[in-house]
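User: I have a model open and would like to walk through it with you. Could we start with how open its charged side chains are, and then see how they pair up?

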Amino acid sequence: MSVKHAKPNFSQSQVAETVKRLFGLTASEISSLPSYGDQNFFIDPIEGGKYVLKIMNSEDSKNPALIEVQTHAMSYLHQNGLPAQTALPNISGQLMSLEEIDCGYGSQKYLVRLLTYLPGTTISKVPLTPQLLYETGKMAATMDTILQEMVHPHLAVLEIENFIWSLSNLPLLEPYIHLLDGSPLVKVVKSVLYQYKISVTPKCCNFRKCINHGDFNDLNVLVQPDGRDGHRISGILDFGDMHSGYYIHELAITIMHMMTEHPKPIEVGGPVLAGWESLLPLNEAEKDCLYVLVLSRFCQSIVLAHYCVSLHPENEEYLMNTSKNGVHTLSQLWELGKEQVEKLWFHTAAQFSDKK
């Protein structure tokens with residue numbers, strides 16, 4: 001989303017009216033939930049149940065086929081035993097509705113869905129034990145394995161050309177690096193981009209293709225206590241970045257985002273990798289590129305957060321959350337170097353797997 005006024009700005013009264021008209025629900029409680037480019041609301045209606053109203057930004061709303069595939073993917077994962085949100089039909093029996101409304105900068109069209117509300121807290125708020133990290137890696141691999149079997153007439157829409165959040169398109173960051181001017185990170189980001197071009201691009205022909213969730217981050221994974229002083233994954237949220245990609249990309253994204261909340265981020269990679277490889281062992285090309293791909297995801301997060309803040313300064317706290325946590329970790333990973341980081345990750349993963 002790169003248009004300044006694309007993000008919806010529904011008022012609570014507009015949300016209440018929309019929920020009543022489309023779903024026949026009278027909201028007794030409406031509260032805003034975090035979102036990068038859309039608008040999410042927790043809905044507690046007097047009729048019973050708890051829901052999330054998701055209002056897509058006006059740019060993504062121009063591509064209903066893509067939202068339809070995302071909605072189908074959520075339902076498909078749920079049918080296959082994964083704790084994904086699902087969309088509920090409106091009064092007309094449709095899973096989404098295109099609503100035209102003025103949010104303060106002219107009348108625009110927004111796709112609206114009512115989603116199931118999943119119990120739990122975000123994984124960002126609980127201790128990231130090695131076991132939970134292992135389960136997170138395993139869940140990410142399970143999710144992509146199931147998505148690869150999904151059938152839908154519009155699957156081709158996931159081949160998103162020049163999608164800036166895809167790890168296939170890292171060079172698209174180059175026009176935005178100037179937003180980091182004055183930061184010591186500029187040198188690191190440029191160095192990672194160079195390493196990507198010389199070490200990842202030549203090997204991506206050997207990566208295994210799949211459908212990526214694309215944003216398996218610490219705010220999109222919910223957990224609940226497991227009754228044994230630990231936690232289990234209870235929810236997978238936000239399929240807005242789903243696209244055709246590679247298995248290794250999902251693993252790199254998962255490792256990077258789990259690192260942002262860990263007191264010793266360097267130790268995250270091993271358990272996540274062990275969980276992933278319990279289902280999908282990496283091939284040699286994927287192993288060799290994992291380090292640079294994790295760094296590449298840090299670069300995407302940091303550079304694009306600065307760009308989004310330039311468009312939405314009022315949302316700076318949320319937009320910069322991952323970026324702020326990632327600045328030090330990116331520098332640390334770069335200084336340690338590929339050989340040392342990989343040695344730790346793969347050695348820890350092997351030890352973890354031996355215990356299973």
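User: So is Glu174 buried, exposed or partly exposed?

Analyst: Glu174 is partly exposed, with a relative accessible area of 39%, where buried means under 20% relative accessible area, exposed means over 50%, and partly exposed is anything in between, using a 1.4 Å probe and protein chains only. Please keep in mind that this is a predicted model, in which local features need pLDDT of at least 70 and side-chain atom pairs count only at pLDDT 80 or more, while totals for chains, interfaces and linings use all residues. Residues are numbered from 1 along each chain as its sequence is written, and side-chain values use heavy atoms, with hydrogens and water left out.

User: How many salt bridges does a search of the whole structure find?

Analyst: The search finds twelve. One of them joins the side chains of Lys203 and Asp288, with 2.2 Å from N to O. Lys203 is in the loop between H4 and strand S8 (209-212) and Asp288 is in helix H7 (residues 284-311), so this pair ties together parts that are 85 residues apart in sequence. Lys203 counts as partly exposed at 28% relative accessibility, and Asp288 counts as partly exposed at 27%.

User: OK, and where do Glu284 and Lys287 lie?

Analyst: Both are in helix H7, three residues apart, which is about one turn of the helix. Glu284 is exposed at 60%, while Lys287 is partly exposed at 28%. Elsewhere, salt bridges that share partners join Lys203, Asp288, Lys338 and Glu342 into one network.

User: New topic: is Ser234 buried or exposed?

Analyst: Ser234, which is found in strand S10 (residues 231-236), counts as buried, at 7% relative accessibility. A polar atom of its side chain lies 3.0 Å from the backbone oxygen of Pro119. Leaving aside residues up to four places away in sequence, Ser234 touches Pro83, Leu118, Pro119, Gly120, Leu222, Val223 and Gln224, where contact means heavy atoms within 4.5 Å.

User: Last one: how many of the nine residues of helix H6 are buried?

Analyst: Eight of the nine residues of H6 (residues 269-277) are buried, so this helix is largely enclosed by the rest of the structure. The buried ones are Gly269, Gly270, Pro271, Val272, Leu273, Ala274, Gly275 and Trp276.

User: And what do the buried residues of H6 pack against?

Analyst: They pack against H3, helix H5 (247-259), H7 and helix H10 (338-355).

Definitions and conventions. Salt bridge = Lys/Arg side-chain N within 4 Å of Asp/Glu carboxyl O. Helix = DSSP H or I, 4+ residues; strand = E, 2+ residues; numbered from the N terminus. Polar contact = N/O pair within 3.5 Å; in protein donor to acceptor, adjacent residues only side chain to side chain.
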